[in-house]
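Below are some notes for a colleague who is opening this entry for the first time. Please keep the structure in view while reading the numbered points.

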Amino acid sequence: MTKQTIVESFAELSHPDVLEEFDRASLEELVAKYETPFMVLDLSEVEYQYKSLKAALPGVKLFYALKSLSHPELVKRLKMLGSFFDLATIGEIDLVESLGIRGEQCIHTHPIKKDKEIKRSLEFGCNRMVVDNIEELKKFIPYAGQVELIIRVSFRSKQAVVDLSRKFGCALEELPLMTDMAKQHGIDVVGLSFHVGSQSLSPMTQANAIRSSAAAMKTMNSVNWKFLDIGGSFPVSYQEAVLPIDDFCIPIMEALSELPEGIEVFAEPGRFISGPAMIEVVSIVGKAKRSAKTWYYLDDGVYGGFSGQMFDHANYPLAPLKPFDATGEFLPSVLAGPTCDSIDVVAEDIELPEMEIGDILIGKRMGAYTIVSATEFNNYPKPKVVVVEDIFDPDTESL
Ligand SMILES: Cc1ncc(COP(=O)(O)O)c(C=O)c1O
């Protein structure tokens, strides 16, 4: 987090419309009611994000990626909206099953699975699974006739904050070997998938991946292709603004129009749906002058709700709840988490207005890859999640 971005972010939020995207009175009510640290999950925002993406990708079936945030209330809301689900683990299967979601409404997209994970997915009724290598394909020989496999292809991307194709996906050149082997063993291969990386800052990697996948399907025309899964990657604005989702999806839709006739298209959005739907509310619990800086100690940090700063490379916009003078003095400061570890620093080399113990800070767009990767290091409990409706005003939310 650079000094400039945080100062800009504070300055932006110190506008007369401080926290303009929130219903401020509701936030204050929540602060009075719940002990910090806590997260606020706004289900109407989940709905808004889901519908925005659906509108930007007409005809594309959305499978929400549970890994980004698996709160049952969010899953229930998406189920109600007609969403499908992208699963990767037995734990995720157990969760969606307990919420009345059926296997046919899901795909299992983890490219590496234990046999017991394959069995559990089939027992649940989810028979569409992803493979990306020959050894994984061999695991399905005993299940020939019971599964529909999707082969994940790697398309590396410098435009994505998290380059997932580094770890998963085969080269396009490996496809014939895999489809031939599947055929020999009577295993149905029905689709291709890719994930160009999470928080992708340009839609062109995805558009190019669609075109390459379409070309591969046309060349390998003996395979009964039914699906193309274009993964997740749809970005949200953290400290930097990203393209509005309608604009982001235009080149993607153009590329999709070049697919062979009859191919159904899936996407696996996580971050775009969950990210903007949750904020974190923390308190300043300590303050110390160290060298020329003021250190503010918060009651949560990178071992907790801010874990995405470590694992997801995200820099969340932060704002004080109480109004402050944007033209006033800003002091060199550090925001630190509560644990005993020195890595537990949320923001360094920043300039902040003078704050006091007891002041509240709001971390925005903290729904994706935050609480799901939080730990209880030092026996600090994870922040609780409070579920609300309509605390953020979607009309002023920048996506
Ligand atoms: C297989 C798979 N699908 C979907 C997602 C969700 O991606 P995003 O949050 O970028 O939408 C991920 C993220 O890691 C993933 O690994």
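1. A term needed throughout: buried means under 20% relative accessible area, exposed means over 50%, and partly exposed is in between (1.4 Å probe, protein chains only). By this scale K287 is partly exposed, with a relative accessible area of 30%.

2. On the source: this is a predicted model, in which local features need pLDDT of at least 70 and side-chain atom pairs count only at pLDDT 80 or more, while totals for chains, interfaces and linings use all residues. Residues are numbered from 1 along each chain as its sequence is written, and side-chain values use heavy atoms, with hydrogens and water left out.

3. Overall form. The chain has twelve helices and 18 strands; helices (H or I, at least four residues) and strands (E, at least two) are DSSP runs, numbered from the N terminus. The C-alpha atoms fill a box of roughly 70 × 40 × 40 Å, taken along the principal axes. For 399 residues a compact globule would have a radius of gyration near 21 Å, and the 23 Å of the chain agrees with that. This radius is taken over C-alpha atoms, and the globule rule is 2.2 Å times the number of residues to the power 0.38.

4. Surface and contacts. Of the 399 residues in the chain, 57% are buried. The accessible surface comes to about 16400 Å², and carbon and sulfur atoms hold 52% of it; the areas come from the Shrake-Rupley method with a 1.4 Å probe, and for residues only the protein chains shown count as cover. Contact means heavy atoms within 4.5 Å. Among contacts in the chain with a separation of 6 or more, 73% are between residues 24 or more positions apart.

5. Salt bridges around K287. A salt bridge is a side-chain nitrogen of Lys or Arg within 4 Å of a carboxyl oxygen of Asp or Glu, and the structure holds 22 of them. The side chain of K287 meets that of E354 in one of these, at 2.4 Å from N to O. This pair links distant parts of the chain, 67 residues apart: K287 is in strand β12 (residues 278–290), and E354 is in the loop between β16 (345–352) and β17. K287 also forms a salt bridge with E356, at 3.4 Å from N to O. Because E356 lies in the loop between β16 and β17 and K287 in strand β12, that pair ties together parts 69 residues apart in sequence. E354 is partly exposed at 40% relative accessible area, and E356 is partly exposed at 38%.

6. Other salt bridges. R120 and E97 meet through their side chains at 2.6 Å, N to O. R120 lies in helix α6 (residues 115–124) and E97 in helix α5 (residues 90–98), so the pair ties together parts that are 23 residues apart in sequence. Elsewhere, E47, K51, R77 and E389 are linked in a network of salt bridges.

7. Aromatic pairs. Rings of Phe, Tyr and Trp (its six-membered ring) pair if their centres lie within 6.5 Å; planes under 30 degrees apart count as stacked, over 60 as edge-to-face and the rest as tilted. A search of the whole structure finds ten such pairs. F234 and F248 form an edge-to-face pair, 6.2 Å centre to centre with 75° between the planes. F234 lies in the loop between β10 and α10 (245–256) and F248 in helix α10, so the pair ties together parts 14 residues apart in sequence. Both F234 and F248 are buried.

8. A ring cluster and a charge. F63, F84, F227 and F266 are linked into a cluster by ring pairs. The charged end of K61 sits over the ring of F84, 4.5 Å from its centre. The criterion is NZ of Lys or CZ of Arg within 6 Å of the ring centre and within 35 degrees of the ring normal.

9. The site of M220. M220 is in the loop between α9 (204–219) and β10 (227–229) and is buried, with a relative accessible area of 13%. Leaving aside neighbours within four places in sequence, M220 is in contact with L175, P176, T179 and W225.
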